[in-house]
Amino acid sequence: MLPKQKGIEINLGKLFTGNLDHYFINAGLIVHSKKGNYMLYALEYSREDIPYQTSEIPVESITAEAAYSFNFIANRGKSLMVNFTLSAVAGYEIINQDNHLLYDGSLLINDSSLIYGAGGKLSIESYLSDRFTIIVSGRTKVLWNTSRNQIRPSVGIGLRINL
């Protein structure tokens, strides 16, 4: 965790939207600063399937995130830390692959759109070695200009490789 040291992070998780099939995957670049804090720049893909009669309507989001993570609690050697992260989010939400006409002839009135917002994350980070870190996190995003749920909580697990 030397200042200006970089790392690569991959996270997988579940969205809390009532269906267990809803997921996200993100990849990010970490730039460490002082006292266990760091900047995070990430790209994320998430997918939800909305039930409609006998089929499902896919809703996909592709977002970019810029965040700053604050070391909240750590043990003496900083091998186990609890961090709180604040982020700005912007991206694009794709509803039914931009097809407005459904299989039964119904017209979908929700449009794909640019989305933006903010997020917060609480993570537990355990350093396995100087290079590898396991991350367990709970987070939520508040998104505007969406026709879906504005508040999107989720949980995830990830791996960080410090370069």
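Visitor: Let's begin with Glu9. Which strand does it lie in?

Guide: Glu9 belongs to strand β1, which covers residues 6-15. Keep in mind that we're looking at a predicted model.

Visitor: Why is Glu9 called buried?

Guide: Its relative accessibility is 3%, and the label applies under 20%. Glu9 therefore counts as buried.

Visitor: What does Glu9 touch?

Guide: Leaving out residues up to four places away in sequence, Glu9 touches Asn26, Ala27, Gly28, Ile30, Lys121, Ile135, Leu159 and Arg160.

Visitor: And what makes Glu9 and Asn11 a polar contact?

Guide: Their side chains come to 2.9 Å, and the cut-off for such N or O pairs is 3.5 Å. So the pair passes on distance.

Visitor: How do you know that Glu9 and Lys121 form a salt bridge?

Guide: The N to O distance between their side chains is 4.0 Å. The rule asks for a Lys or Arg nitrogen within 4 Å of an Asp or Glu carboxyl oxygen, so this pair is counted. Glu9 sits in β1 and Lys121 in β6 (residues 113-127), so the bridge ties together parts that are 112 residues apart in sequence. Both Glu9 and Lys121 are buried.

Visitor: Which residues are linked with that pair in a network of salt bridges?

Guide: The network links Glu9, Lys121, Glu125 and Arg160. Within it, Glu125 and Arg160 form a salt bridge whose closest N and O atoms are 3.3 Å apart. Because Glu125 is in β6 and Arg160 in β8 (residues 151-162), that bridge ties together parts 35 residues apart in sequence. Glu125 and Arg160 are both buried.

Visitor: How many salt bridges does a search of the whole structure find?

Guide: The search finds eight. One of them joins the side chains of Lys141 and Glu44, at 3.0 Å from N to O. Lys141 lies in β7 (residues 132-144) and Glu44 in β3, so here the parts tied together are 97 residues apart in sequence. Lys141 and Glu44 are buried too.

Visitor: What makes β4 and β5 a pair?

Guide: Two strands pair if there are at least two bridges between them. Strand β4 (residues 55-74) and strand β5 (residues 80-95) are joined by 15 bridges, so they qualify, and they run antiparallel. Ile73 stands opposite Val82 in β5, and Glu65 stands opposite Val89 in β5. In the hairpin of these two strands, five residues lie between them, and Lys78 takes a positive phi near 55°.

Visitor: How many bridges pair β3 with β4?

Guide: Strand β3 (residues 38-52) pairs with β4 over 15 bridges, in the antiparallel sense. Across that pairing, Tyr41 stands opposite Ala66 in β4. The β3 and β4 hairpin has two residues between its strands, and Gln53 in the turn has a positive phi of about 50°.

Visitor: Now for the greasy bits. Which residues make up the largest nonpolar core?

Guide: There are six: Tyr52, Ile57, Val59, Ile95, Leu102 and Leu108.

Visitor: What is Ile57 in contact with?

Guide: Neighbours within four places in sequence aside, Ile57 is in contact with Glu48, Asp49, Ile50, Tyr52, Ile95, Asn96, Leu102 and Leu108.

Visitor: Last one: why is Thr17 called partly exposed?

Guide: Thr17 has 24% relative accessibility. Buried means under 20% and exposed means over 50%, so Thr17 falls in between and counts as partly exposed.

Visitor: Where is Thr17 placed, and what is it in contact with?

Guide: Thr17 is in the loop between β1 and β2 (23-32). Setting aside neighbours within four places in sequence, Thr17 is in contact with His22, Glu48 and Asn149. Its C-alpha atom is separated by 7.9 Å from that of Pro153, a residue 136 places apart from it along the chain.

Notes: Residues numbered from 1 in each chain as written. Predicted model: local features only at pLDDT ≥ 70, side-chain atom pairs only at ≥ 80, totals over all residues. Heavy atoms only, no water. Helix = DSSP H or I, 4+ residues; strand = E, 2+ residues; numbered from the N terminus. Buried < 20%, exposed > 50% of the residue type's maximum accessible area, 1.4 Å probe, protein only. Polar contact = N/O pair within 3.5 Å; in protein donor to acceptor, adjacent residues only side chain to side chain. Contact = heavy atoms within 4.5 Å. Core = buried A, V, L, I, M, F, W, Y, C linked by side-chain atoms within 4.5 Å.
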